[in-house]
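Subject: Structure handover

Hello,

Here is the structure for you to look over. My notes on it follow below.

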Amino acid sequence: VKSCTKAGTGCGGCMPLVQSIFNKTMLEMGQEVSNHLCSHIPYSRADLYNIVAIKQLKTFEEVMKACAKNPESLGCELCKPAIGSILSSLYNPHLMDKPVHELQDTNDRFLANIQRNGTFSVVPRVSGGEITPEKLITIGQVAKKYNLYCKITGGQRIDMFGAKKQDLLAIWTELVEGGMESGHAYAKSLRTVKSCVGTTWCRFGVGDSVGMAVRLEERYKSIRGPHKFKGGVSGCVRECAEAQSKE
Ligand code: SF4
């Protein structure tokens, strides 16, 4: 299908649709279609999620013992991150905890987003888009020192691109010392809650949109789930924070 139509050869966003059309056509042709996660796990992802939840399996080894064709299997690049994500959604263990750390995707392991050229981008959290001059200066100093390209993101934070893997620890150390933390720009969890300036500055504002956005972001950050999600809070019907287009 890929070579004939070029479907799924770009960003990959259409692959679920291509897969479902392919599977439906195969079934109509009388073929057998497997929805198993991979060659190790003879269940679909949804079934695996339910088994892990009902049996209260807490580690990769427990999941393999209960669900894999070979209970001693070490898994593969398909089932390892899927199990890591399921355990995160159900129990939210700390990402850096030894038993789950190795199951994570590259971005989660390095607390940064890998880019086209193999370098990483780093995004500190800026709750509600509210930031102090001191934190802006810290970000600027870090970007200058490590020669990072800066871009304001759609979620009102500052993305620093071009970080080398070996510099990530030093970069995060300096950002944390400057009072910042990871913005989880790589995680299946809350990314940002965008806000307009609301009643604090805007003459049209009828609500404290910044305050609400900061409260929401601080309340729901770090809770990992099956997908990323973003929020927004506008101070009036003019909707400058585009909250109604968020997940
Ligand atoms: S949505 Fe726009 S107009 Fe309304 S309070 Fe916010 S900034 Fe002001």
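Helix H9 supplies five residues to the lining of the largest pocket, the largest share. Helices (H or I, at least four residues) and strands (E, at least two) are DSSP runs, numbered from the N terminus. H9 covers 168-177, and helix H7 (106-110) is the other element that gives two or more residues to this lining.

Some ground rules. This is a predicted model, with pLDDT of at least 70 needed for local features and 80 or more for side-chain atom pairs, while totals for chains, interfaces and linings use all residues. Numbering runs from 1 along each chain as its sequence is written, and side-chain values use heavy atoms, without hydrogens and water.

The pockets. A pocket is an open set of points on a 1 Å grid over the protein atoms alone, where a 1.4 Å probe fits, with protein on both sides within 12 Å along at least five of seven lines; lining residues have an atom within 4 Å of a point. A volume is the space filled by probe spheres set on the points, which are joined across faces, edges and corners.

The largest pocket has a volume of about 510 Å³. Its lining has 22 residues, with His94, Leu95, Met96, Leu111 and Tyr186 nearest the centre. They divide into 11 nonpolar, seven polar and four charged. Here Ala, Val, Leu, Ile, Met, Phe, Trp, Tyr, Cys and Pro count as nonpolar, Asp, Glu, Lys and Arg as charged, and the others, Gly among them, as polar.

The second largest pocket comes to about 310 Å³. It is lined by 14 residues; Arg45, Pro81, Ala82, Ser85 and Lys188 lie nearest its centre. Helix H5 (residues 79-91) gives the most, five residues. The lining takes at least three residues from each of domain 1 (45-104) and domain 3 (187-247). Domain bounds come from an automatic or database domain assignment.

Serine 89 also lies in helix H5. A polar atom of its side chain is 3.4 Å from the backbone oxygen of glycine 225. Serine 89 touches Tyr49, Arg224, Gly225 and Pro226, leaving out residues up to four places away in sequence. Contact means heavy atoms within 4.5 Å.

Domain 2 spans 113-183. The C-alpha centres of domain 2 and domain 3 are 21 Å apart. Across that pair, 12 residues of domain 2 are in contact with 12 residues of domain 3.

Last, the ligand. Cys196, Cys202, Cys236 and Cys240 are among the residues around it, each with a heavy atom within 4 Å.

Best wishes

Key. A polar contact is a pair of N or O atoms within 3.5 Å; within protein, one must be able to donate a hydrogen and the other to accept it, and residues adjacent in sequence count only if both atoms are side-chain atoms.
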